[in-house]
Number of protein chains: 2
Amino acid sequence: MRFEPVAPVRAYERVVEQIEQAVISGELKPGERLPSERELMTQFGVGRSTIREALRVLQAAEMIRSRPGDPRGPEVLAASPAALHRSMHRLARANHVGLAELLQFRMILDGSAHLLAAELRTDDDLTGLDAALESMREGVSRGYAEFSRADVAFHEVIARISRNPLLVISEEVVRGVVLELIEDKLERASNRTSLMRTWLAHHAEVLDAIRSADGAGAAHLAKQALYDNYAEYVPAEQRPLLAPLLRP
Amino acid sequence: MRFEPVAPVRAYERVVEQIEQAVISGELKPGERLPSERELMTQFGVGRSTIREALRVLQAAEMIRSRPGDPRGPEVLAASPAALHRSMHRLARANHVGLAELLQFRMILDGSAHLLAAELRTDDDLTGLDAALESMREGVSRGYAEFSRADVAFHEVIARISRNPLLVISEEVVRGVVLELIEDKLERASNRTSLMRTWLAHHAEVLDAIRSADGAGAAHLAKQALYDNYAEYVPAEQRPLLAPLLRP
DNA sequence: TTAGTACACTGGTCTGACCAGTAGCCTGAC
DNA sequence: GTCAGGCTACTGGTCAGACCAGTGTACTAA
């Protein structure tokens, strides 16, 4: 016979558990309101400080939001990747995850998304991609910010076509973390116009591969593009970590 | 000229920021102690409840740990993937991600991990894998629980060899969610011995591929094994979503 | 040297209070 | 009838002070 180690359970943890359960089970839907702190206090039979600590934890997890003065009470939020983003960012900053690993992960995710998109795309999807590419083309003359927006939009279409929200969210999060990690080095973005043209050409290639349902080709293009754009920021000795992903 | 929207900054947020910054910058190293709540109270010039709410947030982020009675104060923790784990878990459950998407994601992650492992493995790694396979072989006769543990251990070795903690963590999380989703159907696990033999054979194959540095082969084996084992639980009309990942 | 104990202090919780701010009602002017 | 403006009851944010169970350590006694 073996026993499990026990940890004392704090009152605020019990409160968190119950509210969290209600949200996860769908009993509390996004947009709905929790009772006020004073009301929760009587419902749970604990003091207000306990309630407040519980709400703080839930707020840190991006599950609820409180605004002072609002008589409707704390708001239940829709599940968002914000908390995921924060914790991933923290990990990366703590140097447990370097740029090489992040880029590796992104190549895997982006490559897979492109592969799936190429294999699963319908004719409607192709129309959408054509439109997205067109606004990128227009964006070139409208400045970098506009082009960047169109670029993100293109990726979102790809993501939707691949039909896997997990893939999409993860890629977005990792993308964000990568950009934050190198934003200082990115300042001196030299010769933006030629950069935009390169990107445009790459997206056109990708679209061709998707149009001809060439999953492997699209995946490889996507990974290669990521490598070409970001490998320079990865310490030279770690670049071999990325190479295996580029082999066809 | 444009103005940014402003959000009121709470006192406890300022406290969180300062402590977080001290941890990130390395000024506070893991294992070190924060001053006691009452001491922090005077240092920050705020009430104890404010301090406590800040500590709760940091604790939810797995950055510190408080134990009542400890005169040394709250402990600074090493950065751990636990927070990432939690938020990914929450997101997967909240977004109503289906088994098909989860399995897809897992095939991608596991496949990539095996590919990287095959390409990056050293001779030492091979020794470790041999040992892990051996304990799986022993596990067959010792019952399913033991075998299962050895199986997990084998995967952990693979994960370590692939040298990407992000990949590992994500795969673990998705694995957990998948198991939760089908645990009820898994009860009637018929003929466990033959199941274990099948798994063992599969792992031996994978090890061969890794030994011969055949990344594509190892990846394909991993994905195929996942498909063979779990596809039956995926609704038939969604199985085509998984097929593109199996093409060599 | 070691076992035992006392003590100072810790975090967890509760109570009660005050403040600035908000939503919604009520009122009065048109 | 509509609508602007003020009133009010309530919200969350913060503070102060109190009590408790539990802990590490220094001191004591064997």
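Chain B meets chain A through 39 of its own residues, which are in contact with 40 residues of chain A. Contact here requires C-beta atoms, placed from the backbone, to lie within 7 Å. On the chain B side, α3, α4 (82–94), α5 (99–120) and α8 (165–186) each supply at least two residues. That side divides into 23 nonpolar, 8 polar and 8 charged residues. Ala, Val, Leu, Ile, Met, Phe, Trp, Tyr, Cys and Pro count as nonpolar, Asp, Glu, Lys and Arg as charged, and the others, Gly among them, as polar.

The model is predicted: local features need pLDDT of at least 70, side-chain atom pairs count only at pLDDT 80 or more, and totals for chains, interfaces and linings use all residues. Residues are numbered from 1 along each chain as its sequence is written, while chains are lettered from A and ligands numbered from 1 in the order in which they are written.

Now take chain A as a whole. It has 10 helices and 2 strands. Helices (H or I, at least four residues) and strands (E, at least two) are DSSP runs, numbered from the N terminus. The order is α-α-α-β-β-α-α-α-α-α-α-α. The C-alpha trace of chain A spans about 65 × 45 × 45 Å along its principal axes. Of the 248 residues of chain A, 38% count as buried. Buried means 20 or more other C-beta atoms within 10 Å of the residue's own, exposed means 12 or fewer, and partly exposed lies in between; the C-beta atoms are placed from the backbone. Among chain A contacts between residues at least 6 apart in sequence, 70% join residues at least 24 apart.

Back in chain B, look at α2 (residues 37–44) and α3 (residues 48–60). Their axes lie 9 Å apart, at an angle of about 110 degrees. Axes are lines fitted to C-alpha atoms, for helices over the stretch in contact, and angles run from 0 to 180 degrees between N-to-C directions. α2(B) and α3(B) are therefore roughly perpendicular; that term covers 65 to 115 degrees. From α2(B), B:E37, B:R38, B:L40, B:M41 and B:F44 meet B:R48, B:I51 and B:R52 of α3(B). The contact comprises 4 nonpolar, no polar and 4 charged residues.

B:A54 touches B:Y12, B:V15, B:V16 and B:I19, not counting residues up to four places away in sequence.

Finally, B:A22 sits in helix α1 (residues 11–24) of chain B. B:A22 is partly exposed because 15 other C-beta atoms lie within 10 Å. Leaving aside neighbours within four places in sequence, B:A22 is in contact with B:E27 and B:L28.

Key:
Two residues are in contact if their C-beta atoms, placed from the backbone, lie within 7 Å. Angles under 35 degrees count as roughly parallel, over 145 as roughly antiparallel, 65 to 115 as roughly perpendicular and the rest as oblique.
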